[in-house]
Amino acid sequence: MGLNMRESKHFINGEYLGSIAGNTLVNTSPVTGEQIGIIHDGGEQEVDMAVNAARAALDNGWATMEVNQRVALLHRLADRINERFDEFLEAECADTGKPFSLAKHVDIPRGANNFKVFADMIKNVANEAFTMPTPDGTGAINYTIRKPKGVIACVIPWNLPLLLMTWKVAPALACGNTVVVKPSNETTLTTCLLGEVMNEVGIPKGVFNVVVGRGRTTGDALVRHQGVDAVTFIGSTDTGEKLMTAAAVGVRDVALEMGGKNAGVVFADCDMDKAIEGTLRSSFANCGQVCLGTERVYVERPIFDEFVARLKEGAEALKLGAPDDESTTMGPLISASHRDLVLSYYQKAVDEGATVVTGGGIPDMPEALAGGNWIQPTIWTGLSEDAVVIKEEIFGPCCHIAPFDTEEEAIQLANNSPYGLAAALWTENASRAHRVGQKLDAGTVWINSWFLRDLRVPFGGMKRSGIGREGGEHSLEFYTELQTICVKL
């Protein structure tokens, strides 16, 4: 591909291809607003080619390759990503605008490591075996084996493009599936670059395929293609519902990680320094564009004023700037349209009577950055629980802080949401931590931390935040079919 070209083509059967119809999209920098490249806009023809290539690779030996050989290839893949670390870093930050300091410690190393984690996991999965009596007295043995599910469509969002793409692709490939990846048309560079690395390390052609373009064309064609055996998706709940409807035709399996309106609960007995630092990260990291981020913060009344004042101080100390500036701690939003959306919520908060503690608009930026999608980190207080910005996911650098008086009230407030992806709980009382944590309706509850991820444990959402669990053996459940073999003795 060549990063200097900034041209994102489809990667199909080991080759980079332009769109047959010649349609392209503009790739725009979130930092400056300037064009940094073009993206080929695919459709049904490119999707059909990619799915057929994936099917051929599946049938030609990837599914039946000896596990240790497949594991060795995936380890080499992870090593090669790290060897080309700077290229992946540059590409990821060019697409997203996030600071190098964030991407070099999270996105790139964790994106690479996903391949090693799931490769090692598949080596150590035991099959079940049971003996049973039979009427003739000779008995029988039942045992299970795991078989690849087939061709997997991976539909990936723009907020953590490499990390979330490999979170899906790594277990799929480790289990012997082949994939067709549809990255967001906002962030295509690292997904396309990975094709080069696949070829370099000897992953067979057709095992990893990429189709780029718009969701309503390329993405829709992919999830509707009857050559796809399962669909895994990260994105908004509205889009996930449409994807699930499409996948129902042909009865394809789905794994959906969708929206969140996550709560943070801060008790008066917390370690205030830890709670402030953690809430700053969970509310403003990646410019608030994290599905696990905290947009609702509930603070026990005795420490409410101090917490608000200190979080305000921390938010105002964030340094907005260019990704390669080591002092930058917050980048821009992904696009002008998303900034318009987030700003509309900022206005709704004011219209509904919020007290704007800090932020609420567009910051002044140096001339070289003035065309970017910059927005102020924003904190509100004073809204009722039925306010729009309390109920709807915003996906920007903002949070509302409200007081509570009792443990029971805190639990009720935190659970008063149609979403249930994650929650953060801050208390030094171990008994309370376990008691309250278990009562929160969220797939993941962090106690005195945020964004700690052990890839062996299940991850997923409750309610409108998704369907299914991935991580550890839970990923293997989605990416494989269990078959029972019964042997009469």
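Colleague: Which residues do ring pairs link into a cluster?
Modeller: The cluster formed by ring pairs consists of F11, Y16 and F208. Rings of Phe, Tyr and Trp (its six-membered ring) are paired if their centres lie within 6.5 Å; planes under 30 degrees apart are stacked, those over 60 are edge-to-face, and the rest are tilted. This is a predicted model, in which local features need pLDDT of at least 70 and side-chain atom pairs count only at pLDDT 80 or more, while totals for chains, interfaces and linings use all residues. Residues are numbered from 1 along each chain as its sequence is written, and side-chain values use heavy atoms, with hydrogens and water left out.

Colleague: How many aromatic pairs does the structure hold?
Modeller: There are 10 aromatic pairs. In the pair of F11 and F208, the ring centres are 6.2 Å apart and the planes stand at 45 degrees, so this pair is tilted.

Colleague: Where in the chain do F11 and F208 sit?
Modeller: F11 belongs to strand 2 (residues 10-12) and F208 to strand 10 (residues 208-210); the pair links distant parts of the chain, 197 residues apart. Helices (H or I, at least four residues) and strands (E, at least two) are DSSP runs numbered from the N terminus.

Colleague: Are F11 and F208 buried or exposed?
Modeller: F11 and F208 are both buried. Buried means under 20% relative accessible area and exposed means over 50%, with partly exposed in between (1.4 Å probe, protein chains only).

Colleague: Which lysine lies over the face of F478?
Modeller: K149 does, at 4.8 Å from the ring centre. K348 lies over the face of Y345, at 4.6 Å from the ring centre. The criterion is that NZ of Lys or CZ of Arg is within 6 Å of the ring centre and within 35 degrees of the ring normal.

Colleague: Turning to salt bridges, how many does the structure hold?
Modeller: The count is 31 salt bridges, each defined as a side-chain nitrogen of Lys or Arg within 4 Å of a carboxyl oxygen of Asp or Glu. One of them joins R146 to E477, at 2.6 Å from N to O.

Colleague: Which parts does the pair of R146 and E477 tie together?
Modeller: R146 lies in strand 7 (residues 140-148) and E477 in helix 16 (residues 473-479), so the pair connects parts that are 331 residues apart in sequence. Relative accessible area is 24% for R146, which is partly exposed, and 42% for E477, which is also partly exposed.

Colleague: How are R281 and E277 placed in helix 10?
Modeller: They are four residues apart in helix 10 (residues 272-284), and therefore separated by about one helical turn.

Colleague: What partner does R301 have in its salt bridge?
Modeller: R301 pairs with D405, the closest N and O atoms being 2.7 Å apart. R301 is in the loop between strand 14 (294-300) and helix 11 (304-316), and D405 is in the loop between strand 17 (398-404) and helix 14 (407-415), so the pair ties together parts 104 residues apart in sequence. R301 is partly exposed at 43% relative accessibility, and D405 is partly exposed at 42%.

Colleague: Which residues do shared partners join into one network of salt bridges?
Modeller: The network contains R76, R80, E83, R84, E87, E196 and E200.

Colleague: What about R55: which residues is it in contact with, leaving aside neighbours within four places in sequence?
Modeller: R55 is in contact (heavy atoms within 4.5 Å) with V151, T178, G227 and D229. R55 lies in helix 1 (residues 44-62) and is partly exposed, at 27% relative accessible area.

Colleague: Finally, how many disulfides does a search of the whole structure find?
Modeller: The search finds zero disulfides, that is, pairs of cysteine sulfur atoms within 2.5 Å. For C154, the nearest cysteine sulfur is that of C175, 12 Å away.
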